Number of protein chains: 4
Amino acid sequence: MSPASRFTYLGPEGTFTEAAVRTLPEAATRELVPMVSVPAALDAVRAGEAAGALVPIENSVEGGVTATIDELASGEPLMIYREVLLPIAFALLVRPGTRLEEIKTVTGHPVAQPQVRRWLAANLPDALWESAASNADGARLVQEGRYDAAFAGEFAAATYGLDVLVSDIHDAENAETRFVLVGRPARPPAPTGADKTSVVFWLREDTSGALLEPLQEFASRGVNLMRIESRPTGEGIGRYCFSVDCEGHIQDRRVADVLMGLKRGCRAVRFLGSYPRADARPATLGPGASDEAFSAAADWVARCMDGRG
Amino acid sequence: MSPASRFTYLGPEGTFTEAAVRTLPEAATRELVPMVSVPAALDAVRAGEAAGALVPIENSVEGGVTATIDELASGEPLMIYREVLLPIAFALLVRPGTRLEEIKTVTGHPVAQPQVRRWLAANLPDALWESAASNADGARLVQEGRYDAAFAGEFAAATYGLDVLVSDIHDAENAETRFVLVGRPARPPAPTGADKTSVVFWLREDTSGALLEPLQEFASRGVNLMRIESRPTGEGIGRYCFSVDCEGHIQDRRVADVLMGLKRGCRAVRFLGSYPRADARPATLGPGASDEAFSAAADWVARCMDGRG
Amino acid sequence: MSPASRFTYLGPEGTFTEAAVRTLPEAATRELVPMVSVPAALDAVRAGEAAGALVPIENSVEGGVTATIDELASGEPLMIYREVLLPIAFALLVRPGTRLEEIKTVTGHPVAQPQVRRWLAANLPDALWESAASNADGARLVQEGRYDAAFAGEFAAATYGLDVLVSDIHDAENAETRFVLVGRPARPPAPTGADKTSVVFWLREDTSGALLEPLQEFASRGVNLMRIESRPTGEGIGRYCFSVDCEGHIQDRRVADVLMGLKRGCRAVRFLGSYPRADARPATLGPGASDEAFSAAADWVARCMDGRG
Amino acid sequence: MSPASRFTYLGPEGTFTEAAVRTLPEAATRELVPMVSVPAALDAVRAGEAAGALVPIENSVEGGVTATIDELASGEPLMIYREVLLPIAFALLVRPGTRLEEIKTVTGHPVAQPQVRRWLAANLPDALWESAASNADGARLVQEGRYDAAFAGEFAAATYGLDVLVSDIHDAENAETRFVLVGRPARPPAPTGADKTSVVFWLREDTSGALLEPLQEFASRGVNLMRIESRPTGEGIGRYCFSVDCEGHIQDRRVADVLMGLKRGCRAVRFLGSYPRADARPATLGPGASDEAFSAAADWVARCMDGRG
């Protein structure tokens, strides 16, 4: 297939990311290519070898996926066009016949570990955890006999000829991972009324109040923040950029206005896209935050300039 | 002369306001009509009987002239087109022959009293003060023999056949009064680079933090406030509107943006004009506050909407 | 009587201030002395010639009484111990026999004028207004025949042998004047649960955001502002101090904390007293604003210092 | 040795954390015990099996070490008593004789990967990266022949019988890792004048402006933030707590005051300690932020309560 019909994703096959990419309606008609890392998945898009990449960006237990956040904040610009929410539950996969009490070593992706830690402490207190490059890779290593058990998605069992010894393991209730479909910059999808906008900004100064100002740009227009991640800029300890998601679409006047405020007030800003919310929940707007209020205010100022205020 | 060539001012003749109106270059070719009160001077403009009215708006000792501030905030809209600053110094006017030690009663406008209070306490501790309707009216009452002395502008002596017993009386150093030339709404004078914008806003709520929001509209765009007056709205104790002057012109992007923010966030806003500063001092702009920064931010958001951010 | 049993008030007799002072329970046992001006009433207290002075501080139509606000902000410190709210309604007083259509000149205190302006425009459009030193003084001038009618409190009619031609005149609904009982500094009255605290502060800088900081001291402790007045400091146009009333008593932890914040962050602060609210309405406290929350927070920090956080 | 003389650290031996723990003066007299994970190192302290644990908390390239931040924010309380800053530079370790062009597979801790990514792309573009449980573990796996090369500290070469093929590899200039020495809660070390305080807070609400309030607690006391990390609370996507470091010591009045403000305004706060800054740089205090200003403000309020303000 041509690059235009190809989606990369954080592989290998059998991971939650593959499960997520398969929820996309267009996945059926695309070539889905697993990549060894988030940077690799995104670089394929940058290089024009794929139309999009599906990568995890946030996990309700572990927090932001820093590789994704940092990749989106640097290098050749990319944009988010879609998000996918996937509930997280692990299965404990073993070679056929293995019993729970025989498990001495377990593996899985480093991100999986804190999500099954309590289950491990309760059920396999003496098992030694060693991280694998991915949950699927952990399954493969169990298949090869290097570990006794792996935490992975239940769907990975078949691929690696393993049995599901325990299913639906998750320390936290309501744990979920958020994935984003990333492409080269283009016109954002049309507003749906329930949208989200992602942006990264770098503060002009690194003082106490410096973060207050960009946050007030959001607050003063009644634009709710949905995610905020501080990330080091790499310029030394204490220097940060902030990756945020807010309610609304860049075509919503209040969001455009916030973005302009950030552009003026920050050292740098990178627009990461406006796209439909996976939960389809429309933003609740305070007075003065609607497009109508913005239009009315702009009209009024124009009239004032003409002496007809 | 026609109404178009008529300026009213807060009379009577011989007051500081007349001195102020005479500083206007166009005063030479206008009919200058003293009025009995600020409302009367402004209503003549509203009624089309005069092209402009010169009224005091602020005094560095006494504060805002509430009659002017309240008239501009209510009734048929008016706009400020010019400001005049006049240093304040009083002369003690007496009937020819009166000596200081003979003065038992003094008069003057109520606004004059706090500006000469200390001088009075030091030089005429026993003299009884009674207010007159204006400084000039006080001079007239001295002429008529009702009081022994009047505080007024030195220029009023001739008009009323009085002598200047003491001149240059002012308790505070640098005391000055600010006057504004008010007309019916029209296109504001072009920006000069050293302008001022006046506006009145009514808060949506009367809570602790409610004033914070409009003030942050100014602060977040780096627009300096030069005057802020809280005024009762007449809806009961504790309900206020705020009359403010800020640096800049409505055609400055940052000022237009502040006005839009006020329009959206406040219960009501009234634009009172953009006009040259009497002190001709240009505003100092922080980073992100210039027209260029605003244009660049708007351009950037437009490009982001097209996927070219 | 001794100074200790003497109250001064803004005279002369027959004004609203006298009506207000007579609402005080202790008025019955005090000598009530009218003074010619607010400064005179307050200076008598400063000089130890009176135990207290009752003066107007705020009017729901005209706003702050600047003489009172400025006197409390400067000179020898004074404190507020009580407040009195009086609904404002004027009577039109005339010499017996005068008919409405015969009235050519009216008088009254300058503060009365804006409160009867609309009534005048509707009922006596051609009458000439001239200000008197007080409403009572206006009544006296009518008695003497200098004016045809005076606006004053109905209670002033008897004193000056006048008739009440029209009563209950007030342009604004719910108009009221607030008076304060002022004394030399002493321990404030005990908290009642429905108290008010008055304070004046001078900003460290006169920049755009400078007023934001003291306002945030109030907002961040959930202390509601009830009055805010900007007043010129006399140091030149654009230099202000702010006179505010807030909910609560200095013995309420949140109020003490706000005062400490103002003390640290402002160029100067003057505490004007904590006293019972005339409307006896208790403050509504947000979470974290109660004395308990403050104590708990202080206890927690103390425990943290001991390693028992 | 007894638990009291034991320090755990994030092992295994040969990692940067071991290098960091050895910089502590008391390390010479302590038993230094490597642990398999941050939670294990900290749990040993919680269980009384060690007096302290040295763990990484922040990296100028990768950002916060989430395992450490999350462990300190939850479970049995712990406190930070010391910090260590270590410049980050990797060595490429190989089995004796291996040449650069022979390297097909490289390993190292996941945190090392982004710090050598550019070096890898430039020098070993085709080498396959696979993560190891630690840098030292990567070295061990090279020793065992599973990978061709490992990124680790130069000091690890000897332990595993490897050669340093390339040294001083670091993509970012000035890269450094910050480690903290953690113990059970006790009285913090005495203020040195150049201290840091760590705290975690949970917002009361998850709205747009909610983060503004705690940040203003810092800003309004002039307390500089040095690190801010948003972390998911585990209650679902969009719910965060914030882990911050600020300048100053809990015994500094301004810091104690911030902590009280957080305690009152936040859903929860956890004090993580006050300890000397590794860079020994004293905080720069604005006006009103010194202990003297706080004492003076408290004294003034106390005097006001007594009528002697």
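Colleague: How far apart do the C-alpha centres of domain 1 of chain A and domain 2 of chain A lie?

Modeller: Domain bounds come from an automatic or database domain assignment. Here the assignment for chain A gives domain 1 as 90-169 and domain 2 as 188-309, and their C-alpha centres lie 42 Å apart. This is a predicted model, in which local features need pLDDT of at least 70 and side-chain atom pairs count only at pLDDT 80 or more, while totals for chains, interfaces and linings use all residues. Residues are numbered from 1 along each chain as its sequence is written, and chains are lettered from A and ligands numbered from 1 in the order in which they are written.

Colleague: How many helices and strands has chain A?

Modeller: Helices (H or I, at least four residues) and strands (E, at least two) are DSSP runs, numbered from the N terminus. Chain A has nine helices and 15 strands, and its C-alpha trace spans about 85 × 45 × 35 Å along the principal axes.

Colleague: In which order do the five strands of the open sheet in chain C stand?

Modeller: Strands of a sheet pair through backbone hydrogen bonds, either parallel or antiparallel. Two strands count as paired if DSSP finds at least two bridges between them. In chain C the order is E8-E7-E9-E6-E10, with mixed pairing. Strands E8 (128-131) and E10 (163-169) of chain C are at the edges with a single partner strand each, so one side of each has no neighbour in the sheet. On average, neighbouring strands of this sheet are turned by 25° against each other, direction ignored; axes are lines fitted to C-alpha atoms, for helices over the stretch in contact, and angles run from 0 to 180 degrees between N-to-C directions.

Colleague: Which residue in E9(C) is the bridge partner of Thr107(C)?

Modeller: The partner is Ala150(C). Strands E7 (105-108) and E9 (149-152) of chain C run parallel and are joined by two bridges. Helix H5 (135-143) of chain C packs on the sheet, where H5 touches E6 (90-94), E7 and E9 of chain C.

Colleague: How many residues do chain B and chain C give to their contact?

Modeller: Two residues are in contact if their C-beta atoms, placed from the backbone, lie within 7 Å. Chain B gives 39 residues and chain C gives 39 residues. On the side of chain B that touches chain C, E13(B) gives the most, with eight residues.
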